[in-house]
Amino acid sequence: MSRPAPISAHLPDFPWDTLDAAATVAAAHPEGLINLSVGTPVDPVPQVIRQALADAADSPGYPLTAGTPALRAAITAWVVRACGAGANGLGVLPTIGSKELVAWLPTLLGIGPDDVVVVPSVSYPTYEVGARLAGATVVRSDSLTSVGPTSRVRLVWVNSPGNPNGKVLPAAHLRKVVDWARERGAVVASDECYLPLGWSAEPVSVLSSEVCGGSYDGVLAVHSLSKRSNLAGYRAGFVAGDPALVAELLAVRKHAGMIVPAPVQAAMVAALQDDEHAVEQRERYRARREVLRQAFEAAGFTIEHSEAGLYLWATRGEDCWKTVDWLARRGVLVAPGLFYGPTGGQHVRVALTESDERVAAVAGRLAEE
C-alpha cells in the first residue's frame, strides 16, 4: 500500500532557499554583505516591551488562546486608534505572528478543494501557500471583474500597503471588494501589516467605516507587531473584524493549541499601548527609504509604486535574476520579483531593514564597476 504524497509536494519551493547562491556571492564582497532581501528588523526591541516580557517571565500556567483581557483591550484600543474602527461589535484575537494566520486561515475557515481563494497578482507567497494547504484553487487577480461570476470564491485577500510593491489601495477600491465579496458570501481578509508605514500615500484599513460601512460582516484585518515594534522574534500578531468569524477562529485554534505565549501577550500589551517607540521606528525607516531610493535611482533603477510599506519595488527593465546577480556582485542582496508572482519577473524588492551605516554604503556599492 503506497503512502500518500507528502504535503510539501503540493507546495511551491520555499523561495528563500533559491536565493542562497546570490547570498554567497554577495557575502564574498570585500566589505561584507548588505542584506536588503528578507526584511527582518535589525533595530533593538524597545525597552518598555522587553521590560514587560521580563516581568511576565514567571508564567507557569497555560495562557489563554483568546488573549488576556488586558491584551484584548489593548488590541481593540489600537485598532480603533490606528484603523479608524469602532469598538462596538469588533472581534479581536492574538496570533502567533501574522504568517501562521495567513497560512492557516483558509483551513481554519473550512475552505477546501471545491473553493477558490483570490490573491493579488503580485503578492506575499504565503497567501497561495495557505490556499494550497487547504486544497483550494488560487486565482491571481487585482480586478474582481476578471474573476467572473463564479460562486466558488470563499476568500479574497487584499494587501495594502502591498508587499512587495508598496502599493496603496484607495478606500473606494477596498469598498468595492468588500461589497463584491458580501454579495457572494465570501470573506475579505486584509493584510495590513504595513499600515503604519505610509509615505507618499496614506493607507486605509478595511475596518474603516468608509470601507466596511460600519459593519464588520465578512471582514478580517490581519496585523503584526514585527515591523512596527521590531518584534519579529516574538511572533506577535493579531486579527480583528467580524466577531462571528473571530469566534470561529478561536474555537478551532483552542483545539489546535495555537496560543501566543503569556510573556509575549504581556509584551504585546506594552507595545500596543506605547506609540512613541513606533513613531521613532517609522522615522528610521523613512530616512533609510530616502537614502535607498536616491541610491537606486542614481544607479538607473526605476522605483514603481512604493508609496508605503517597508520596501522599494525596483526595476531595470530586465529579468529579475539578472538584476539580483548584478547587485550580488556588489555585495547587495535583494529579493527577485518572481518570488511574488509571474508578473514580478522584471522587478526586485529592496527592504529598508538594514542599519543606517549599511544603508549609507549602498550608493557607493551601486557605483562600482
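1. Let me start with Arg-175, which is partly exposed at a relative accessible area of 29%. Please keep in mind that this is a predicted model. The partner of Arg-175 is Asp-179: the two form a salt bridge whose closest N and O atoms are 3.2 Å apart. Asp-179 is partly exposed as well, with a relative accessible area of 30%. Both residues sit in helix H6, and because they are four residues apart there, about one helical turn separates them.

2. Next comes a pair from two helices. Asp-356 and Arg-288 make a salt bridge, with 2.6 Å between the closest N and O atoms. Asp-356 belongs to helix H12 (residues 356-360) and Arg-288 to helix H10 (residues 276-298), so this contact ties together parts that are 68 residues apart in sequence.

3. The largest pocket holds about 900 Å³ of space. Its lining is made of 38 residues, and those nearest the centre are Trp-16, Lys-99, Tyr-124, Pro-125 and Thr-126. Helix H4 (99-108) and helix H5 (125-133) are the elements that give two or more residues to this lining. H5 gives the most, with six residues. By residue class, the lining of the largest pocket comprises 21 nonpolar, eight polar and nine charged residues.

4. The second largest pocket has about 450 Å³ of space. It is lined by 26 residues, and Pro-120, Ser-141, Asp-142, Leu-169 and His-173 are the closest to its centre. Strand S5 (153-159) and helix H6 (171-184) each supply at least two residues of the lining. That brings us back to helix H6, which also carries the Arg-175 and Asp-179 pair. The lining of the second largest pocket divides into eleven nonpolar, twelve polar and three charged residues.

Definitions and conventions: Residues are numbered from 1 along each chain as its sequence is written. This is a predicted model: local features need pLDDT of at least 70, side-chain atom pairs count only at pLDDT 80 or more; totals for chains, interfaces and linings use all residues. Side-chain values use heavy atoms; hydrogens and water are left out. On a 1 Å grid over the protein atoms alone, a cavity is a set of points where a 1.4 Å probe fits but cannot get out, and a pocket is an open set with protein on both sides within 12 Å along at least five of seven lines; lining residues have an atom within 4 Å of a point. Grid points are joined across faces, edges and corners, and a volume is the space filled by probe spheres set on the points. Ala, Val, Leu, Ile, Met, Phe, Trp, Tyr, Cys and Pro count as nonpolar, Asp, Glu, Lys and Arg as charged, and the others, Gly among them, as polar. A salt bridge is a side-chain nitrogen of Lys or Arg within 4 Å of a carboxyl oxygen of Asp or Glu. Buried means under 20% relative accessible area, exposed over 50%, partly exposed in between (1.4 Å probe, protein chains only).
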